[in-house]
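Please walk through the model below, beginning with a pair of facing residues and the sheet around them.

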Amino acid sequence: MAIKYELIKECKQSGARLGRIQTPHGIIETPIFMPVGTQATVKAMTPEELKDIDAQIILSNTYHLYLRPGHRLVEKAGGLHKFMNWDRPILTDSGGFQVFSLGDLRKITEEGVEFRSHLDGSKHFLSPEKAIEIENALGADIIMAFDECAPYPAERSYVKNSLERTTRWAKRCKEAHSKPDQQALFGIIQGGMYKDLREQSAKEIIDLDFPGYAVGGLSVGEPKELMYEVLEYTTPLMPKDKPRYLMGVGSPDCLIEGAIRGIDMFDCVLPTRIARNGTAMTSLGKVVIKNAKYTEDFSPLDPNCSCNTCKNYSKAYLRHLYKAEEILSARLVTYHNLHFLIELMKNVREAIRQDRLLDYRKEFFEKYGYEI
Ligand SMILES: CNc1nc2c(CC[C@H]3O[C@@H](OC)[C@H](O)[C@@H]3O)c3nc(N)[nH]c(=O)c3cc2[nH]1
Ligand SMILES: [Zn+2]
């Protein structure tokens, strides 16, 4: 078995649970936020800094690494862990999402998807077999099936045909997977915003028996309330004794709401992306550092944060770095944002331990009180 999930405690107040995932590269405590390192690096962070902030698992991406530097090169380097000097768990997405959203899409057929690279327009073809070949070569501990993330909004008939093809593709992924004992292949549940289609996809994907399951097709522009509603009727269909991964989520409120609805794993580019744009998530809400009001503000970014950035640098200095377009700006704000979300998930796990996650949500929103 590539991974072993241990359910430690179920919350009585909500659908939240505490868990632990054993992987070949170490343990993951859930619920967990996973920093995104799409091109074999969590942008602006060194692996040493990621360990400083207790990152337990990071993501990387099949579509991007296949296009550059190529999965065979990474394989020659000894695999992704060695190539990027990260000896803790890694999860790779299958590229389905990127092909549909980044590449210049040519054609979807039963066989797979023909697309043009967003880098140089060259023509490529991704199929379930090709995606798995790439993920096997990269060597991540958890790999995702090749799926279609249906757009939002989408016609019911489109979503139904798409989920049924995703099921056929999931079966092909399972058959093509060459290292099931070393790399855990997760199935991805689709079905858009339609309850009966989510039930159909959940049944079909779970019947294929994977070591873990993702809820796909969300965080694609739908209102947050709609995402929460879909989770409410989807996570109870998923096995209790396997990890549940909500892809592409998210902001602090979505992480708490997702954990309440039984999600164990989250990933999102938000904290790293907004950091490069000078925006910080703090315990007192969002801080847009370039704002003139911080010009002579010599206080820390977040007075309630113990991270390296908040201990050693002032808002005035961070604003100066941003305005001067210094690389250190992205580094220091990214370090803080990731630390903030990783600390948030530590607090969520503690709240579940004390069976008070709904109380924690109330406290957090009162203090935090903003939407990103
Ligand atoms: C943002 N919202 C969102 N992202 C999503 C991703 C990409 C995450 C991956 O894409 C990259 O971040 C955009 C990172 O590499 C990350 O691992 C998804 N991937 C697949 N295979 N299927 C989905 O249904 C899906 C849904 C998503 N919704
Ligand atoms: Zn901080």
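Glutamate 10 stands opposite arginine 17 in β2. The model is a predicted one, in which local features need pLDDT of at least 70 and side-chain atom pairs count only at pLDDT 80 or more, while totals for chains, interfaces and linings use all residues. Residues are numbered from 1 along each chain as its sequence is written, chains are lettered from A and ligands numbered from 1 in the order in which they are written, and side-chain values use heavy atoms, with hydrogens and water left out.

Strand β2 covers residues 17-23 and pairs with β1 in the antiparallel sense over 6 bridges. Strands here are DSSP runs of E with at least two residues, helices are runs of H or I with at least four, and both are numbered from the N terminus; two strands pair if DSSP finds at least two bridges between them. In general, strands of a sheet pair through backbone hydrogen bonds, either parallel or antiparallel. The open sheet has 3 strands in the order β1-β2-β3, with antiparallel pairing. Its edge strands, pairing on one side only, are β1 (4-10) and β3 (26-30). On average, neighbouring strands of this sheet are turned by 15 degrees against each other, direction ignored. Helix α14 (residues 327-353) packs on the sheet and touches β1, β2 and β3, and its direction makes about 120 degrees with that of β2. Contact means heavy atoms within 4.5 Å; axes are lines fitted to C-alpha atoms, for helices over the stretch in contact, and angles run from 0 to 180 degrees between N-to-C directions.

A search of the whole structure finds 8 aromatic pairs. One of them is formed by tyrosine 360 and phenylalanine 364, which are tilted, at 6.0 Å centre to centre and with 40 degrees between the planes. Rings of Phe, Tyr and Trp (its six-membered ring) pair if their centres lie within 6.5 Å; planes under 30 degrees apart count as stacked, over 60 as edge-to-face and the rest as tilted. Because tyrosine 360 and phenylalanine 364 are 4 residues apart in helix α15 (residues 357-368), about one helical turn separates them. Both tyrosine 360 and phenylalanine 364 are buried, where buried means under 20% relative accessible area, exposed over 50% and partly exposed in between (1.4 Å probe, protein chains only). Ring pairs link Phe340, Tyr360, Phe364, Phe365 and Tyr368 into a cluster.

Two charged side chains also lie over rings: arginine 165 over the face of tryptophan 169, at 5.4 Å from the ring centre, and lysine 174 over the face of phenylalanine 210, at 5.6 Å. The criterion is NZ of Lys or CZ of Arg within 6 Å of the ring centre and within 35 degrees of the ring normal.

Turning to the backbone, most residues other than glycine have a negative phi, and most peptide bonds are trans. Arginine 68 and proline 69 are joined by a cis peptide bond with omega of about 10 degrees, and proline 69 is in the loop between α2 (62-67) and α3 (71-76). The bond from tyrosine 152 to proline 153 is also cis, with omega near -5 degrees; proline 153 is in the loop between β10 (142-144) and α7 (156-176). Alanine 40, in the loop between β4 (32-35) and α1 (47-52), has a positive phi of about 65 degrees and is buried, with a relative accessible area of 13%.
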